[in-house]
Structure formats: structure tokens, C-alpha cells
Amino acid sequence: MLDLLVPPARKVLERAGGREGLAYLIYVHASPEVAPAQVNVARELRDALDLGRTQVFAVSQQACASALAALEIAGELLRAEPPGARALIVNGEKPFTELNQMHYPIGDVMGDGATATVVSWDGAGDEVRGYAVRHDGSFADSLTLYEALPRRQFVDTSIDMIVKVVGEVLSQGGLTIGDIDHFVPSNISRVFWSQVVHALGVDRDRVFLDNLPRYGHCFAADSLINFETLRERGRLEPGGYSLLACPGLGASFAAMLLRHGAR
């Protein structure tokens with residue numbers, strides 16, 4: 001799995017100017033277990049990146065929504081650090097069981113993917129302008145529970161929760177859905193997101209789902225994979241806005257509003 005995680009981490013550190021000021025390494029995964037019990041993937045990743053005594057821990061408790069939670073956690077931790085402090089967040093895992101290769105409730109086909117992000121309070125990159133998360137404990141037994149529930153129950157709850165967290169982050173940013181340049185969902189079912197888009201009133205040409213047939217759902221990584229793809233295609237205009245949305249089994253529902261930076 002380190003072969004999947006290390007390359008994007010090295011690439012983003014190079015893009016961000018190196019390791020100076022790196023206070024935290026946060027490893028994000030959606031599945032509770034991603035390696036044998038005696039293997040601490042977060043520490044293995046730190047050693048592979050030669051990050052010395054950088055503080056390291058993992059975030060996974062919100063399943064796929066952990067991707068956005070980790071960005072918020074990093075920002076809060078960096079409040080207490082000196083100016084210039086940064087955090088490196090690495091997302092990624094491999095679907096190594098049959099249950100993880102295809103998720104029943106919505107019909108996701110899973111893929112291998114990883115991302116890396118550097119977070120700071122004073123950088124010149126994209127700015128986090130809003131974050132919201134909600135939880136529904138009635139789905140706390142995760143995959144084992146869904147077999148006993150009507151699929152529609154989970155889908156209806158998910159649509160309602162996504163609409164609410166999207167509304168919260170738009171309110172935080174003082175925007176409406178019409179101000180958003182890109183609605184960037186995770187790569188779960190196209191049918192599910194079409195229902196969310198209809199409920200929100202988002203113009204379909206602003207919804208980015210190009211990577212869904214290309215990669216499948218890459219656990220807690222694909223929201224950021226999709227955002228980076230938009231950057232690579234030159235579609236993130238400085239000063240514009242992207243809204244990331246992601247449900248996580250368990251169940252958590254998160255949204256984040258990003259203002260595009262100059263680079």
C-alpha cells in the first residue's frame with residue numbers, strides 16, 4: 001500500500017516547497033482495517049517519507065467523509081502552531097476484501113487511489129471557506145446493517161443529509177448554489193448524485209463526475225482526486241468556488257467550500 005501512498009505525498013511536498021515547517025502527518029482511510037494489526041500504516045508512511053519526528057496519526061472514524069474531516073482537523077491543530085507551520089494529509093487504501101470491492105447500499109464499485117494535500121494558515125493555495133458535517137447513528141453498524149435495511153432508506157437519508165450540509169457551507173461562505181463553479185462529489189453512484197443534484201438545483205454542467213467510470217469510488221480519496229483533475233484541466237479559475245460533498249458509511253455526511261487560489 002505504501003507504493004500507492006508515497007508518490008503523491010512526495011509530489012505535493014515538492015510542489016509546496018519541501019518539508020520545512022511540517023508539524024503533522026495525517027493518514028486518512030475509510031475502512032477500519034487497512035493492514036495487519038501489527039502494522040501502523042501512518043508511522044510506516046512517515047518513515048518512508050523520511051519525516052523524522054513529525055507528529056503522525058490516522059483519521060478514519062467518518063469513513064469516506066474522513067477526507068474532509070482531516071482538512072478541518074489539520075486547520076484546527078495548526079491554530080496552535082507558529083506561523084508557517086503546515087500539515088501533510090495523505091488519503092488512500094486498497095479494497096482488499098470482497099465486501100470492500102463493492103458496496104451494497106448505493107452500488108459503488110471501488111478502486112485504488114491516493115491523494116496528498118498540504119494545509120497551512122498562510123499559504124497561497126486554495127482557501128477553505130466553509131465546512132459542515134452531520135451524522136446519523138441509525139446506520140452505525142455500517143455495511144452489516146445495510147443488508148437488513150431497505151436500500152431506499154439509506155439513499156433518502158443520504159440525500160437529505162447532503163442537502164443540509166451543502167446548505168450550511170454555502171451559508172458560511174455567504175453564497176448560493178448558483179455561485180458555485182464546480183460541484184465536486186465523491187465517485188459513488190451516478191444515479192445517487194443525479195438525485196442530489198436535482199434536490200439542490202445544481203446545473204448539471206457544473207457537476208464533475210468524469211472520474212467515476214475511470215477510477216470507481218476510491219474510498220476517502222476521490223473527492224480530492226476529482227478536485228485535482230479539475231486543476232490539471234485548467235478549470236479552477238482564481239477566485240472561483242468549488243463545493244466538495246461526500247457521504248461516509250456509518251453514517252457521516254460532509255461538505256466543504258473551497259475558493260480557488262492563484263496557484
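How many residues lie between strand 9 and strand 10 in their hairpin? I looked and found 3, with Gly250 in the turn showing a positive phi of about 130 degrees.

**Ground rules.** I am working on a predicted model, where local features need pLDDT of at least 70 and side-chain atom pairs count only at pLDDT 80 or more, while totals for chains, interfaces and linings use all residues. Residues are numbered from 1 along each chain as its sequence is written, and side-chain values use heavy atoms, with hydrogens and water left out. My helices (H or I, at least four residues) and strands (E, at least two) are DSSP runs numbered from the N terminus.

I traced an open sheet of 4 strands, in the order 7-10-9-8 and with mixed pairing; two strands pair if DSSP finds at least two bridges between them. Strand 7 (127-135) and strand 8 (182-185) are at the edges with a single partner strand each, so one side of each has no neighbour in the sheet. On average, neighbouring strands here are turned by 15 degrees against each other, direction ignored. For angles I use lines fitted to C-alpha atoms (for helices, over the stretch in contact), running from 0 to 180 degrees between N-to-C directions.

**Strand 9 and its partners.** I followed strand 9 (residues 241-248) next, which pairs with strand 8 in the parallel sense over 4 bridges. Phe183 has Leu243 as its bridge partner, and Pro185 has Ala245. Towards strand 10 I noted 8 bridges, running antiparallel, with Leu243 opposite Leu257.

I see helix 3 (residues 66-78) lying across strand 7, strand 9 and strand 10 (252-259), at about 60 degrees to strand 10. Helix 7 (residues 190-200) lies across strand 8 and strand 9, at about 145 degrees to strand 8.

**Cores.** I count a nonpolar core as buried Ala, Val, Leu, Ile, Met, Phe, Trp, Tyr and Cys residues joined through side-chain atoms within 4.5 Å. The largest has 34 residues, and Ile26, Leu68, Leu71, Ile89 and Leu244 touch the most other members. Helix 3 gives the most to this core, with 7 residues. Apart from it I found another core of 31 residues, among them Ala132, Val207, Leu243 and Ala251. Leaving out residues up to four places away in sequence, Leu68 touches Tyr131, Leu244, Ala254, Ala255 and Met256; contact means heavy atoms within 4.5 Å.

**Rings.** I got 2 aromatic pairs. Rings of Phe, Tyr and Trp (its six-membered ring) pair if their centres lie within 6.5 Å, with planes under 30 degrees apart stacked, over 60 edge-to-face and the rest tilted. Phe183 and Trp193 have centres 6.0 Å apart and planes at 75 degrees, so I logged the pair as edge-to-face. Phe183 sits in strand 8 and Trp193 in helix 7, so the pair ties together parts 10 residues apart in sequence. Phe192 and Trp193 are edge-to-face too, with centres 5.1 Å apart and planes at 65 degrees. The ring pairs link Phe183, Phe192 and Trp193 into a cluster. Phe183 is buried, as are Phe192 at 2% relative accessibility and Trp193 at 0%.

Note on methods. Buried means under 20% relative accessible area, exposed over 50%, partly exposed in between (1.4 Å probe, protein chains only).
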